[in-house]
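Subject: Structure handover

Hi,

Here is the structure for you to look over. My notes follow below.

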Amino acid sequence: MTAMFRRNPNKIKSGSVAVDVLLYVIALFICLITLYPFYYVVIMSVSSPLEVAAMNVYWFPKGFILDSYELIIRDSRMWWAYSNTIIYVAAGTLLNCITAVLGAYPLTVRTLKGRKWIIAFLLIPMYFGGGLIPSFLLVNKLGLYNTMFAIIIPGMVGIWNIILVRTYFTTIPEALKESAFIDGASHLQLLFKIILPISKPIIAVIAIYTIVGIWNSWFEALVYLPNEKLHPLQMYLYRVVVQQTVDLKLLSLEETRNAVATMLSNIQLKYSIIVFTTLPVIFTYPFFQKYFMKGALLGSLKE
Amino acid sequence: MVKWKNSITCTVVLTLAIAAVSGCSNGDTPKNSEEPTATGGSKEGSKLRLLGPTKGNKIIKFEDREQYPVWKELDKLFDTAGLELEYERVPTEQYDVVIKTRMASGSSLPDIVNLSALDDTTVLNLAKQGVLLDLKPLIEKYSNGNIKKMYDQDFPFAEKTTTSPDGKLYWFSDLHKKTYQQNKPAPVGLTMLIRKDWLEKLKIPVPATADEYRKALKAFQDQDANGNGQKDEVLVYNPGNFAGSIAQWFGLGSGVTAVDVENKKVVSPWYQDGIKDYFRYMQQLVKEGIIDTSLISGRNELVQQKIADNKVASLSDYNLEMWLEPTIIGGGEYLPLMPLKAVDGITPAAQLEDPYLVWSKYGITKDAKDVEAAIKFFDVIYSEKYADLLYWGIEGQTYTFDGGAKVFIDNGTDEDKEKSKLVSGGAIYGDGIFPRVQFANLESELTNVPKHKADHQLAIMEYKPYYVNMNHKYLAIPNDEQLEAKTKIMNNLSTYSLELATKLALGQKSLDDWDQYIAELKKLGLDQLIEIEQQLHDRYNQIQ
């Protein structure tokens, strides 16, 4: 019996310095491998173009040249794309928040008939998509093809967001709702005057998910927006990267001449554009941070 | 609470405002500026909608076309034919995806579409689904004879490579012909280039044999031709795919399989006499540190960088290239070499690019309402006047005659041309929506290159034997069965061949086990591939 309670001599004490050091080293290592790609892109974007083309830059910038940034800033297409992205993000985020709240609230009302069926039904499109061509046909027949709405409307309802918001709403004490009803509040008043003001963390979470998602998306634009003037920023980046990866060996003498010139000018540009397009969304995080920790855990429990 | 409410209200108002603006703008922008824009004016004619990528020049823009005299001439051609054209232009980088989804969905198709982003098989499948029209009966019925004349007389090989196995024609092509002294075909050479200035600096004679070539490259390193104190003057060469000109010195075909055009035979370097000597030669180049092995199958940018750094002694490229020299920091010059003798009893071959090029695809879709107008459009395209405007432009403005041959007038850089508006049509509307049809001549090309390159070109175009750089252009389109067998074989065979050849060249595999390698190649279907391609080449030769 006593043997069972005897202390294991090899056991590391909690609060041991060895563990702390080990954990710090692991954390630091993970930190480094996460941050290095960002750092790499930044130093590539400011190094001398010749060194960049030779892929000689690894730890520190070689040379300090901001020409590629100058090129981007002067490019009107980039600013056009920037403003488009802001429109897509603003409209998309707002619509996502509205649809999430309006979609989630009824699903928390206990008196709603067939509530469980609706929730089950909502889960289906989370796992099964229509595929590219059916989606394309849908967008096309709705008359959205080659308009900004092709990006905004298909992405305005997020089932995952609805589930997140619903889970949060169910954590609000039923007594609060009942007392509001007793005081004569309608469902709309309850939602907008009572529930929404105390649901800021979850709104912040879905807002940032949506902002990041839309900011980084380019595929929809690739498929639905043949008009260059409607392209978002990431599509602009995509085009620069694709332009650069031309295989000269597949071209004839006539075509090679033009391709060589374009290819060289784009090597470094790629890195500068990545920096330019990523920074704004990185800066968004601190503003949402206080809500983020609390809200991000919400999806972990589903009732 | 109040603060939170205010901020929400502000955001809502702002976003709605932006969305409203964007809503308006997306109603206008694509429809009015990028989507269908008429050729201009209020002309009455048969309307045609054309879809294609926005290729072309970044300074001389398609959007400004109305300001250019050459466009006005072109406009007259379409006017006379009674055609009113509308364009839908999609950025080149995006075109691939856009055309695939639109063709696959079969909806909102234009009348005439550029299908170059799709391979032959995909296009033939679309044709089977009825998305594309068979052009032959339409040409018979509606054409004024221009298309037939161009395809039968000037470019008979065009039909050979674009006729489907069931004898139908689903797409028109870009056509290019380069001649010398009026009608002599003028192929350009792909050859080894060597630093001319280094040969002169070190007083080394121009190599006349493969052995002298190797010694010259060694001497560049030993005597520090670029003067940076390091033995870093290298040969950039990929020994694995046989497509880099040195392989042809040993009489080898220019791919895993290659077409011997003169003898109408499909061959494989693996079965040719010079193959072992080729690998021995490569091993020697590797052993002496002449080939930069880090650049084998390296990215183009890395090679470009080496060239710029004044470190590339020799590489394989077009004999008439003029784009490498300006990038060398400190200057330099490349000299194209004639095929060098490597082995006794084997005549070294040249590698040539055919003077007749057929590429790109332009089809008429099922949604075309006025098929007659679509054929009329191609009648204009395949007229001599159109070809002249596209490649040469306007006489006295962009080209002139010198000794009976057309030569370009030097109108300066693209920026200068944009100001003076003196350009040929190709710069404004070539590729993309409008097919390229061009009758180039060598005379004009030779005025832009130094004498040593011109001399090389005149010699190489007469040279025999030769292999071609684009073997597939000499094969007819395979039927389903042939295609399936070919794809299956190529998947493994090309990888194995490339790896084997690279390892043999690097000395990582021994030539002693030769029979074993050949047995493996046979097992992977090399013989069967040669047989299929021979059938395709025979059919190519039979199509009239």
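At what angle do the axes of helix α9 and helix α11 of chain B cross, and within what distance do they come? This is a predicted model, so all values come from computed coordinates. The axes of α9 (residues 210–222) and α11 (residues 275–287) cross at roughly 10°. They come within 11 Å. Angles under 35 degrees count as roughly parallel, so α9(B) is roughly parallel to α11(B).

On the α9(B) side, the contact involves B:Ala210, B:Asp211, B:Tyr213 and B:Arg214. On the α11(B) side, the partners are B:Tyr281, B:Gln284 and B:Leu285. By type, the contact has 4 nonpolar residues, 1 polar and 2 charged.

Next, a pair that spans two chains. Helix α7 of chain A (residues 132–141) packs against helix α3 of chain B (residues 92–105). The angle is about 80°, and the axes lie 10 Å apart. The two helices are therefore roughly perpendicular to each other. Chain A contributes A:Leu132, A:Ile133, A:Phe136 and A:Leu137 from α7(A). Chain B contributes B:Thr101, B:Arg102, B:Ala104 and B:Ser105 from α3(B). This contact splits into 5 nonpolar, 2 polar and 1 charged.

Now chain A as a whole. Its secondary structure is 16 helices and 0 strands. Of its 303 residues, 43% are buried. Take the contacts in chain A between residues at least 6 apart in sequence: 69% of them join residues at least 24 apart.

Best wishes

Key
Residues are numbered from 1 along each chain as its sequence is written. Chains are lettered from A and ligands numbered from 1 in the order in which they are written. This is a predicted model: local features need pLDDT of at least 70, side-chain atom pairs count only at pLDDT 80 or more; totals for chains, interfaces and linings use all residues. Side-chain values use heavy atoms; hydrogens and water are left out. Axes are lines fitted to C-alpha atoms, for helices over the stretch in contact, and angles run from 0 to 180 degrees between N-to-C directions. Helices (H or I, at least four residues) and strands (E, at least two) are DSSP runs, numbered from the N terminus. Angles under 35 degrees count as roughly parallel, over 145 as roughly antiparallel, 65 to 115 as roughly perpendicular and the rest as oblique. Contact means heavy atoms within 4.5 Å. Ala, Val, Leu, Ile, Met, Phe, Trp, Tyr, Cys and Pro count as nonpolar, Asp, Glu, Lys and Arg as charged, and the others, Gly among them, as polar. Buried means under 20% relative accessible area, exposed over 50%, partly exposed in between (1.4 Å probe, protein chains only).
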